There are 2 protein chains.
Amino acid sequence: MSDGPVLGVLGGGQLAQMMARAAKPLGISCIAIDPNPDACAASDAELWVSAYDNRETLLKLAERADVVTFEFENVPTSSLELLEGRVRIDPNAEALRVSSDRIAEKRYFESTGVPIGPYREVSNAAELDVAVREFGLPAVVKSCSGGYDGKGQRVLRTNVDATEARAWIGETRCIYESFVAFDRELSIIACRSREGEFVAFPLAENTHEQGMLVRSVAPANVTDETETQARRAARKIAERLDYVGVFAIEFFDVGGRLLANEMAPRVHNTGHWTIEGARTSQFENHVRAVMGLPLGSAEATGHSVMLNIIGKRPAPDALAGVTGAHIHDYAKAERKGRKIGHITLTGPDATICREQAEIVNGRLGNLMPG
Amino acid sequence: MSDGPVLGVLGGGQLAQMMARAAKPLGISCIAIDPNPDACAASDAELWVSAYDNRETLLKLAERADVVTFEFENVPTSSLELLEGRVRIDPNAEALRVSSDRIAEKRYFESTGVPIGPYREVSNAAELDVAVREFGLPAVVKSCSGGYDGKGQRVLRTNVDATEARAWIGETRCIYESFVAFDRELSIIACRSREGEFVAFPLAENTHEQGMLVRSVAPANVTDETETQARRAARKIAERLDYVGVFAIEFFDVGGRLLANEMAPRVHNTGHWTIEGARTSQFENHVRAVMGLPLGSAEATGHSVMLNIIGKRPAPDALAGVTGAHIHDYAKAERKGRKIGHITLTGPDATICREQAEIVNGRLGNLMPG
């Protein structure tokens, strides 16, 4: 077993766990690096407990792994520099650079002709004031790097919110985004191989609460035109970046016109439905891509609804009995506002599938962060 | 993680491996017992290297596990006796007793009204002679217990074969079966829960070479009448045995009439296609059943062809590129005649799926036992 190919993963959370689980049947084993000794990927990967920028760890990883990949985008630059030239890294450093900085990401979308909403860079109270005057309220202010699941961002609805945000922002580089009155949030999960093969899963329609994803429905009920807009944007971005692996782009659907919101250069929560709902999962396709294998079909096998399990673990017998329910317990400790699992409902009929999701939803005892 | 439910598995081969892989997302961890320190289930289960009848191991297992199950039917009686009363065992001892003895199995089929072909018990050369006279040739002689993958059995076509078998049989309890001129071999994989819930996967059509399964096609192209015969037989047997878990029954299809050949009280090679080809895999349904959870849908999501990888590991890039191919490398060492993986082709179109299977088949370098 130890003779087979090895994939190194920075990060040992559930994304690395599901990646490692998809890698094994392909004869590929994973080594996950994580500073947390309880990192849940240990269930399926060899876990090396270490800081992400530990020189010794990274040199050892470069020696053991055939390829290194990531489960998060904010990879320390020093780590990337140390690994580069020593081992193949996918997605590449440019993709990480672009998507780990919200301003760089917006500029990248603009440069590839992908439509986005109005935004402005703000780095202090004075610049914030200008942005409020220029773009008005409501708006969202997000730190340029590091935030996820609603962390590092604020919604400004009133002048009082705007005044409070002046103190909060300090000297942090932030992005000020006009609140887009969107009909819904959609995301595309796509994958590109070393040879330039490109596949995209059908769009998912996502619901967030308190900045956290709680639900994805796939395939989303969209027109061919909408699907095409998203696929075209994804393909353009992937080709321009010479991207290898899975990535996600979140869009706002404004009356059928898609505005790109953000990109994640990795497997993504809005693609978890693909484990049971697509011919090949996002995790398997990511592993295939970065390990230089041909990609699998991204076709849906039916309808899916994915619900996140947040904070509190529900009893499995209450959920397993719901038609089409697939439980994913990440084996993480319970904590308010923490993603500890998800459930995917699948079936041939969209209406039944959504009804079953409602039943599951009623039985979840999610503890949200707020 | 260690606080969650634990499933003990006697056997640490690929069936235990795939079972453990299906258990994890349900929050269930597995302990596998195997005398082989290289047992491949170690990739997903906690492996305890021990003889199956080691008293200390079994007592420790009874303490740690909530339920004990098996990946093979020839469980030592002493082990069962030691475990019984100390921990829940599924499938139950009666199911193991019946299916680990070919004569007991045939009688059981007869007693439940499930049609079978002509057979006779033979335990020495003289009884063999009588059987040859009475039933004629060709025939198959199989030892009553312990054989699998064509081991412990002989096909008698000529009188010379019959004479040679006189020496081979010695004093072994064997079963003499008339050769049934069947059109094809079909199998059903079914599952029953503690509460008596029963689900059956669509029939698979199976091809054997040198006594080893090489291919399963599912759903098999059969009439509703044939499907009903198989489901009815499976249900009757499961209910009569108060069976809990997954089991397989192999049938000979003789002009649309099904004759039961044998039963396996466990997850089965002819059900591997369910991992990608059905809403819930046989492995997940087995785990659900024995752990007291409700069962998942056994509906197929499309067409599947499963091909075994025997003896020699093909290059993954030659296979991953075939449309709908899903690779399962068990991470076992290569050895002539050994099952070391399988590939499942899935897709919405039966013809395309079978064509793709032919391409894969042409790229396998299987080393058969003969």
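**Symmetry.** I superposed the copies by least squares on the C-alpha atoms of residues with pLDDT of at least 70 in both. This is a predicted model, where local features need pLDDT of at least 70, side-chain atom pairs count only at pLDDT 80 or more, and totals for chains, interfaces and linings use all residues. I number residues from 1 along each chain as its sequence is written, letter chains from A and number ligands from 1 in the order in which they are written. Chain A goes onto chain B by a rotation of 180 degrees with 0.0 Å of shift along the axis, at an RMSD of 0.0 Å. That is how a two-fold axis relates copies.

**Interface.** I call two residues in contact if their C-beta atoms, placed from the backbone, lie within 7 Å. On that basis 25 residues from chain A and 25 residues from chain B take part. For the elements I use DSSP runs numbered from the N terminus: helices are H or I with at least four residues, strands E with at least two. On the chain A side, helix H11 (316-320) and strand S17 (325-329) each supply at least two residues. I sorted that side of chain A into nine nonpolar, ten polar and six charged residues. My classes: Ala, Val, Leu, Ile, Met, Phe, Trp, Tyr, Cys and Pro are nonpolar, Asp, Glu, Lys and Arg charged, and the others, Gly among them, polar. The copies meet through the same surface, because 100% of the interface residues of chain A are also interface residues in chain B.

**H6 and H7, chain A.** Helix H6 (residues 125-135) and helix H7 (residues 159-169) of chain A have axes that come within 9 Å and cross at roughly 150 degrees. H6(A) brings Ala125(A), Leu128(A) and Val132(A), while H7(A) brings Ala162(A), Ala165(A), Arg166(A) and Ile169(A). I count six nonpolar, no polar and one charged residue in this contact of H6(A) with H7(A).

**H10, chain B.** My cut-offs use C-beta atoms placed from the backbone: buried is 20 or more others within 10 Å, exposed 12 or fewer, partly exposed in between. Just after H10(B), Gly292(B) has a positive phi of about 80 degrees. I also checked helix H1 (residues 14-23) of chain B, whose axis comes within 8 Å of that of H10(B) and crosses at roughly 70 degrees. I log H1(B) as roughly perpendicular to H10(B) (65 to 115 degrees; under 35 is roughly parallel, over 145 roughly antiparallel, the rest oblique). Met18(B), Met19(B), Ala22(B) and Ala23(B) of H1(B) meet Phe283(B), Glu284(B), His286(B) and Val287(B) of H10(B).

Most residues other than glycine have a negative phi, and most peptide bonds are trans. I found a cis bond from Leu137(B) to Pro138(B), omega near -5 degrees, and another joining Ala218(B) and Pro219(B), omega about -10 degrees. Asp242(B) has a positive phi near 50 degrees and is partly exposed, with 14 other C-beta atoms within 10 Å. Ala331(B) has a positive phi of about 60 degrees, but is buried, with 23 such atoms within 10 Å.

Methods:
Axes are lines fitted to C-alpha atoms, for helices over the stretch in contact, and angles run from 0 to 180 degrees between N-to-C directions.
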